[in-house]
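Please look through the sequence and the model below, and keep both at hand while reading.

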Amino acid sequence: MGFCLEVSGDFACFTRPEMKVERVSYDVITPSAARSIFDAILWKPAIEWQVTKIEVLNPIRWINLRRNEIKGVISASNVRSAMKAGCGTLGFYVDDGDNRQQRAGLFLRDVSYRIHAEFSLTQAAGAADLTGKYAEMFRRRAKKGQCFNQPYLGCREFSCDFSLVEEGADLKSPIDDTRDLGWMMYDMDYTDLKSPTPLFFRAEIKNGVVLVPSKNSAEVRG
Amino acid sequence: MILQALCEYYQRKALDPQEALAPFGFEEKEIPFLIVLNSDGKFIQLLDTRDKDAVGKLRSRSHLVPKGWGRQGSKSYEIAYPLWDHYGYVLAQPKLDKPDAAPNPKDVEMAAKQHKAFCNIVDSIYEVFPNDKGVFAVKAFLANEVEKDKLKQSADWLECLKIKGCNLSFKLVDAEYLVCQSPDVKRWVAQSIKSDDSDTGVCLVSGERASIARLHPVIKGVGGTQSGGAAIASFNKDSFNSWNKEQGANSPVSEKTAFEYTTALNYLLRTQCPNRFQMGEISVVCWAEKNNSLEQAFPNFFTDPPSDNPDAGVAALKHIAGSLHNGAYQQPDGKDKFYLLGLSPNAARIAVRFWQVGTVAEFSERIGQWFSDIEISKSEKQLVPALKSLLRTTALLGEDKNMSPHLVGETVRAILQGLPLPENLLQSVIKRIKAEKGAVTFYRAALIKACLNRKFRFYRQTEQEVTVGLNKDEQRVGYRLGRLFAVLEKLQEDANPGLNATIRDRYYSSASCTPKSVFGTLMRLHTHHLKKLPNPAWQGAAEKNIGEIMDGIKEFPSHLNLEEQGLFAVGYYHQRQHRFVKNESTEGAV
């Protein structure tokens, strides 16, 4: 079942894996980030979303920001001992000079995409799970603006607005841009939950449209 | 995209044997001294490879040597580099503070251990390739204490000791290349390329399945990073890891690709590279898909010309002007891709400030547009400014270190994408003008004109653009007020020659922000100045001028917004320039 959402936001960062620390974004939304928007509206273990097409509606523009972040990770043993004791200090402070790391970022701004995706039933689907049921659920929720968590564009702090695109609506045309985007991150392969591996595909934007291959196809390498 | 473009640059260079960069397993290293041996291992001489460069400093020549893999930690003395290293490894020379000082006993011990490791590696190469003359000679030399002493007696040895940790290598007296560059040694290097048992994965640059680099080679040459080098893809703290993956597994890049892109980037960032320039804290490199003269001309648009070639800026401008006709690029190589990468330091990491991809045609056209935007009337001697000189005028005291790095990056991006300049830029320039009491210099006026014109072109196409020279028909009140201010200032200067502070010093800021409060006073003053003119004939000319300007001003506005303040500054500048452009025979006629 195919659906279409139009999303827009002030900022976006689809981080390139090789520049994960001093973030540099991909030019266009990754299929993984697009899927996360659909997941935010409706997801159950019974369904799995597959993004099929991405249309870029706004010209690609960049902005440079520096942000203070931290360098440490809260250790699991601290959490465990706090749970046992019933109280404890787990807080991390950015203005603690030792912990602070300033990270620069090259982000996208004023982004807007039209994302086409479809879902399929997974192995976890039971007898009562029908595609029609989930399709209706999704349509209802997307129209109302209901979501489990606020959809975001790459990073949680860059939240986005979404709206369901119905058949026959007046559509803004995608930008007039055709180029090769190189190898782009497709998604993560979660079959081994302890250590997911990344998947990549060769992305091309043709007249503002990026066609996304299916996860099992040969074009997705991982 | 960035890494992929760098790898393509590496491959483009590899196609041309003259310009090829170091192959996999090798690196370019500066070796100041070479030990010249004959084929028996007897010491002939110590060769100094250093030349004086343009500044007069001695720089050693770079040679292609087998790559020195990293050595750190307490057992680092066990890792010696094949057939080249510093004098501790090569000759058991302990490090000294001064050439004639006595060494520390601990250092002597360390040097002895290092030397043993070096001899071991030479022996291991000899075992695999016993026929190589160079390796045989080196082995014989190292085994022979007499020869080593002869070296220490030679004339240049003290010079060598002066350089701390001086690198040494070997050369046969009758060979063109170094011992470590011989075909047999190259084969040995290829066989022994260390691949730690890292996992295989899909490389995100090439899409191929290959062994993934755990640590990428470092990038040296980005100003402001630590001297050991920094990395673009670096995960040096826990909070940067994803899914508990460590180091390179966070971003799988094959070892070959990692080598290629870092070698290409190090090559582009080397000092004296014509493709590289510095804008404040940002190191910028530019390159094209194929050989293109724009690569060398490009830096001259942005940065000051090098001291040995002050006409480089003019030459670059001519190059652009020659390739454009009516603003459109004419040459056949217009479709070649052109890349611009701006890198900023952050301790041991490198942040990408901006990354621009475009075609040679696009960039040339946009640069041409930029130069026509900053064109403003000027004296004959002044050259067209580079971007750095323009941006320096927004900095306190005109110093590079006070330039805002954000502003630099945004301005470069705006120029290359044909967008209006950042609002912040207009604000900074006007702020500096006011802080420096109305110092509207040529650079500042050019910048303001460019800001205004680009804004009008992008957002309000019906608005008339600011002209290059004085525009007497300009109706906008900001411009007219600027002109009026210039005329009144000149009148005051003529009436009171040798004045220390004119109305510019006292009134510029308030005249440009709140004209209504100030111009009343100024107009009142000017009647007195008219009477005090040394030559009464000038009175008529001055009154005529003032009248003509006032004709277009209906009333003095109470406030001028930022744009109008910009017009004020440009009008002021144009009017002042006007009297220099005409012949000076009518002195006093404003």
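In this predicted model, A:Arg35 and A:Asp187 are both buried. The side chains of these two residues meet in a salt bridge, with 2.8 Å from N to O. A:Arg35 belongs to helix H1 (residues 31-41) of chain A, while A:Asp187 belongs to strand E7 (residues 179-189) of chain A, so the pair ties together parts that are 152 residues apart in sequence. Side chains of opposite charge can pair when their charged atoms come close.

A:Arg114 forms a salt bridge with A:Glu6, and the closest N and O atoms of the two are 3.5 Å apart. Because A:Arg114 lies in strand E5 of chain A and A:Glu6 in strand E1 (residues 2-12) of chain A, this pair ties together parts that are 108 residues apart in sequence. A:Arg114 counts as buried, since its relative accessibility is 3%. If neighbours within four places in sequence are left aside, the residues in contact with A:Arg114 include A:Cys4, A:Leu5, A:Lys53, A:Ile54, A:Val165 and A:Leu171.

Chain B has charged pairs as well. B:Arg454 forms a salt bridge with B:Asp373, the closest N and O atoms being 3.0 Å apart. This pair links distant parts of the chain, for B:Arg454 is in helix H16 (residues 442-459) of chain B and B:Asp373 is in helix H12 (residues 360-373) of chain B, 81 residues apart. Both B:Arg454 and B:Asp373 are buried. Elsewhere, salt bridges that share partners join several residues into one network, among them B:Glu423, B:Lys455, B:Arg460 and B:Glu563. Over all chains, the count comes to 42 salt bridges.

Next comes a helix of chain B. Helix H8 (residues 255-269) of chain B has 15 residues, which at 1.5 Å a residue should span 21 Å, and its end C-alpha atoms are 21 Å apart, so the two values agree. How many of the 15 residues of H8(B) are buried? The number is 12, and H8(B) is therefore described as mostly covered, buried meaning under 20% relative accessible area. Among the buried residues of H8(B) are B:Phe259, B:Tyr261, B:Leu265 and B:Leu269. What covers the buried residues of H8(B) includes helix H1 (2-15), strand E1 (26-30) and strand E15 (337-346) of chain B.

Finally, consider where the chains meet. Here 39 residues of chain B are in contact with 36 residues of chain A, and the area buried between the two chains is about 3300 Å², of which carbon and sulfur atoms give 55%. B:Met1, B:Leu204 and B:Trp243 supply 18% of the area that chain B buries against chain A, more than any other three residues. There are two salt bridges between chain B and chain A, and in one salt bridge the side chains of A:Arg66 and B:Glu281 meet at 3.7 Å, N to O. Across this interface, 14 residue pairs are in polar contact. On the side of chain B that touches chain A, the largest share, seven residues, comes from E16(B), and the residues of that side divide into 18 nonpolar, 11 polar and 10 charged.

Definitions and conventions. Residues numbered from 1 in each chain as written. Chains lettered and ligands numbered in written order. Predicted model: local features only at pLDDT ≥ 70, side-chain atom pairs only at ≥ 80, totals over all residues. Heavy atoms only, no water. Contact = heavy atoms within 4.5 Å. Helix = DSSP H or I, 4+ residues; strand = E, 2+ residues; numbered from the N terminus. Expected span 1.5 Å × (residues − 1). Buried < 20%, exposed > 50% of the residue type's maximum accessible area, 1.4 Å probe, protein only. Buried area = accessible area lost by both parts, 1.4 Å probe. Salt bridge = Lys/Arg side-chain N within 4 Å of Asp/Glu carboxyl O. Polar contact = N/O pair within 3.5 Å; in protein donor to acceptor, adjacent residues only side chain to side chain. Nonpolar A, V, L, I, M, F, W, Y, C, P; charged D, E, K, R; others polar.
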